[in-house]
Amino acid sequence: MTYEIFKHFPVLAIMCYFVGAFIVTLAGKRRMLRNVVAGAVMLISLSLLLSLVVPVMVDGQIITYWMGNWEPVEGYAIGIAIEVDALSLFFGLLVAIAVALAGFYSFRYITQDDANGPFFTLFLMLSGGVMGIVLSGDLFNIYVMLEVMTFAAVGLTAFRSWNPNAREAAFKYLVVGSIGSTCVLLGTALVYAQCHTLNLAQISAMLPGNMNPTMVFAFAMLFTGFGCKSFMFPFQPIAADAHGAAPSSVSVLISGVFTKTGVYGIIRVSYFLFRTMGLTSMQTLLVFIGCVSMFVCVTMALNQHDFKRLLAFHSISQIGYILTALGLCSALGIAGGLYHAINHTLFKGLLFLTAGAVLYATGTTYLEKLGGLARKMPQTAALFMVGAFSISGIPPFNGFASKWMIYQATYEKAAETGSIGYALVTVVCVVTSVLTLASFIKVGQSVFFGQLPLEYENVKETPLSMRIPMWIMAALCFLTGLFPDLMVEYLLGPATAAVLDTARYIDAAMGAGYAEIVANSTAYLAEPVLVFAGTWDPVSWLLLFVIVMCAVTLVSLAGRRSRGALTLADDAKHATFFGGEEAEFSHVASGDLFWGFKHNLRGYLNFMSRAHSGITNDYVVWGVCAMAVITVYCFIFM
Amino acid sequence: MKKKNWKRDDLIVRCLADSYLPIALVLGFYVILHGNISPGGGFQGGVLAASGVLLLYLGYGFRGAATAVNMERMHKLEAVGALAYVFFAMLGIFAGYNFCRNILWNSGNIGDLWSAGTISLMNYSVGFKVLTGVGFLLLLIISLLSTGEDHEHDGTIPTTEHEEGGAAK
């Protein structure tokens with residue numbers, strides 16, 4: 001082992017967050033000390049993970065770390081392992097970056113709150129829990145960390161406890177999140193009963209090919225549990241409530257990091273543990289759930305009147321993209337999904353932080369009340385534009401690069417399988433992207449453009465300490481979109497290879513050759529073929545856009561013909577019968593902007609309005625129905 | 001419905017609380033200390049010992065429990081317990097092994113109280129953390145349960161001052 005020292009880094013990265021959380025508790029009311037400790041642990045953790053990029057991503061090592069040196073005995077893993085392959089490190093990096101930026105943003109952001117003592121304790125607990133999930137190599141450890149993460153997130157959702165909405169949202173979150181946790185626990189127990197081990201590597205060596213009804217049930221439970229954590233389709237109303245009520249920097253974590261653990265769990269369960277992703281039925285299920293989440297949530301987002309609720313629905317819509325891409329089970333699809341995962345964390349983090357900046361400056365995120373803030377907060381408006389362009393997939397920002405890969409992957413899948421369904425998936429993806437752009441036009445129009453209400457005349461730009469994290473995120477949005485080749489080479493390529501190459505993961509943990517001895521059948525998953533057919537080239541696209549712009553300008557100039565100026569009555573008073581009276585304040589409300597769309601979709605939207613009733617019992621019924629449907633589906637088709 | 005008038009300073013209840021409190025504490029600490037050689041351990045022992053808070057409440061009312069136990073300090077000590085656990089677990093890394101490694105593994109004979117090295121120390125930290133943590137939780141629940149009129153005679157109303165937004169502000 002050349003990299004002897006590196007093996008301690010993953011566990012230190014996890015423990016850093018927890019130690020920081022406890023020291024913050026001890027610091028009590030000393031704000032300076034608290035900020036220094038929280039900032040230090042976030043930076044230490046980030047740098048520990050960054051230093052792992054070279055050995056894991058470039059050299060392709062897999063770090064296996066046995067807690068207390070309890071190494072496997074006679075092919076049975078008896079200890080708790082931390083196993084970091086390229087996939088784990090990919091998600092770990094994403095978590096560390098988002099946590100650091102959101103944390104530095106919150107130093108200033110939460111000074112408006114009275115009781116900001118427990119904030120960083122919960123914040124760091126949440127971060128540590130997520131980090132524990134993505135770096136762990138043990139199924140039960142994942143469950144424990146999932147609980148730590150869920151309860152910290154519930155606490156943070158109710159952080160502004162003076163707000164009754166926050167308390168209600170936290171309660172819903174607690175109940176529905178517990179369904180997910182229970183599913184994961186039940187699945188873990190069943191797996192342990194069958195395999196007598198909890199080590200991920202050993203389970204993934206023993207399980208595929210040995211599927212019995214118990215294991216099918218365990219798979220359905222684990223899949224639903226992690227799906228609940230990623231707020232996939234029937235679980236999406238809770239996400240909206242929670243994001244709307246939580247402080248913005250917490251929304252960054254819930255949207256960018258918390259949901260990613262669900263995605264990570266689905267990858268680990270269906271690509272590694274059970275290796276069921278090779279089955280056409282499983283691909284269909286995941287792609288279907290992804291498409292439904294994507295479309296339902298984007299239409300819901302168009303109807304929102306609250307900035308943060310709107311972002312929350314978009315967040316699930318983007319998770320739908322990721323699930324769809326992962327469900328394709330092709331190298332390009334997985335790479336596209338992972339690419340979109342990191343892009344989603346960046347641009348949605350940026351958008352939530354701008355929403356937080358608007359809240360910090362004006363005290364509201366209600367779209368109808370806001371307007372014209374671009375004049376008062378020019379930098380925030382510019383940052384919002386970057387985020388909106390990224391999420392809508394406008395080149396040269398990162399959303400375009402990953403969506404391009406996803407479109408391509410779905411289209412190739414359609415060509416490969418010859419099924420019309422996958423072509424439809426491409427169409428759904430593109431339509432969703434267009435609707436995303438539409439709803440961000442609505443946000444931009446309602447918040448940053450239009451007329452400035454009188455009460456916000458004295459609004460000031462957000463403080464520098466809040467703008468710096470936002471600018472860093474914006475720069476990352478730009479950079480990750482501009483260099484897709486580098487991303488593929490250093491981050492996505494190794495991570496995709498790790499997803500497809502389960503045997504290496506097993507051998508790294510259990511000793512060389514273990515996968516071949518134990519694994520009966522690897523036939524479930526296709527051979528790992530890593531082909532990247534044509535990522536996009538930003539320069540030629542920029543050229544294309546310039547040419548198209550020139551052409552449009554030329555055509556519009558050529559078509560100009562003088563018709564004379566519009567002559568109206570001399571003063572506005574007499575023009576009343578032509579253009580109506582000049583209104584004092586005529587801001588187009590966000591609810592009115594897409595009235596035609598809403599009118600034509602009224603049947604569907606009425607149904608959705610009944611479905612999002614806000615009653616916890618209804619949401620629980622939705623969740624249990626999803627669990628039942630997935631279980632029955634798995635029993636029929638596996 | 002007529003309100004029940006609880007007499008907290010009932011002599012029988014107080015005498016029983018007095019006599020069971022030491023038993024609960026001793027049993028709790030016994031289970032924590034013998035975590036390495038008998039069933040139980042830090043968590044279970046910690047919960048047993050923390051139940052002493054409940055006995056105090058039954059015997060002496062909320063004020064008795066809150067004056068006997070400093071909530072603020074309990075809250076801080078919980079963090080100290082957790083940090084102690086991480087410290088003892090880290091000793092493994094400092095000694096050149098892995099995290100959580102027992103570095104005093106050959107100390108004592110099997111079956112002795114002191115025979116598990118740093119594992120015992122980690123167990124004690126867990127016991128301490130759970131004792132303080134659960135004790136704090138119980139006090140918090142009790143303080144939410146007790147109605148305002150009980151406090152009127154008591155004079156001071158202990159608040160949850162660990163939160164900055166509380167009465168201290």
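Which residues in helix 12 of chain A meet which residues in helix 13 of chain A? The model examined here is predicted, and local features need pLDDT of at least 70, side-chain atom pairs count only at pLDDT 80 or more, and totals for chains, interfaces and linings use all residues. Residues are numbered from 1 along each chain as its sequence is written, while chains are lettered from A and ligands numbered from 1 in the order in which they are written.

On the side of helix 12 of chain A, the residues are Gln283(A), Leu286(A), Val287(A), Ile289(A), Gly290(A), Cys291(A), Ser293(A), Met294(A), Cys297(A), Val298(A), Met300(A) and Ala301(A). They meet Leu310(A), Phe313(A), His314(A), Ile316(A), Ser317(A), Ile319(A), Gly320(A), Tyr321(A), Leu323(A), Thr324(A), Leu326(A) and Gly327(A) in helix 13 of chain A. Two residues are in contact if their C-beta atoms, placed from the backbone, lie within 7 Å. Helices (H or I, at least four residues) and strands (E, at least two) are DSSP runs, numbered from the N terminus.

Helix 12 (residues 280-302) and helix 13 (residues 307-327) of chain A pack with their axes 7 Å apart, at an angle of about 160°. Helix 12 of chain A is therefore roughly antiparallel to helix 13 of chain A. Axes are lines fitted to C-alpha atoms, for helices over the stretch in contact, and angles run from 0 to 180 degrees between N-to-C directions. Angles under 35 degrees count as roughly parallel, over 145 as roughly antiparallel, 65 to 115 as roughly perpendicular and the rest as oblique.

Helix 12 of chain A also packs with helix 17 (residues 420-448) of chain A, where the axes come within 9 Å and cross at roughly 20°. That angle makes helix 12 of chain A roughly parallel to helix 17 of chain A.

Two loop residues of chain A have a positive phi. Phe231(A), in the loop between helix 9 (213-229) and helix 10 (236-245) of chain A, has phi near 55°. Phe231(A) counts as buried because it has 30 C-beta neighbours inside 10 Å. Cys329(A), in the loop between helix 13 and helix 14 (331-362) of chain A, has phi near 60°. Cys329(A) is buried, with 24 other C-beta atoms within 10 Å. A residue is buried if 20 or more other C-beta atoms lie within 10 Å of its own, exposed if 12 or fewer, and partly exposed in between.

Leaving aside neighbours within four places in sequence, Leu350(A) is in contact with residues including Leu383(A), Val386(A) and Met470(A).

Chain B has 5 helices and 0 strands. Buried residues make up 37% of its 169 residues.

The model scores ipTM 0.83 and pTM 0.88. The mean pLDDT (the predictor's confidence in each residue, from 0 to 100) is 86 for chain A and 80 for chain B. In chain B, pLDDT stays under 50 over residues 150-169. Where pLDDT is low, the predicted coordinates should not be read in detail.
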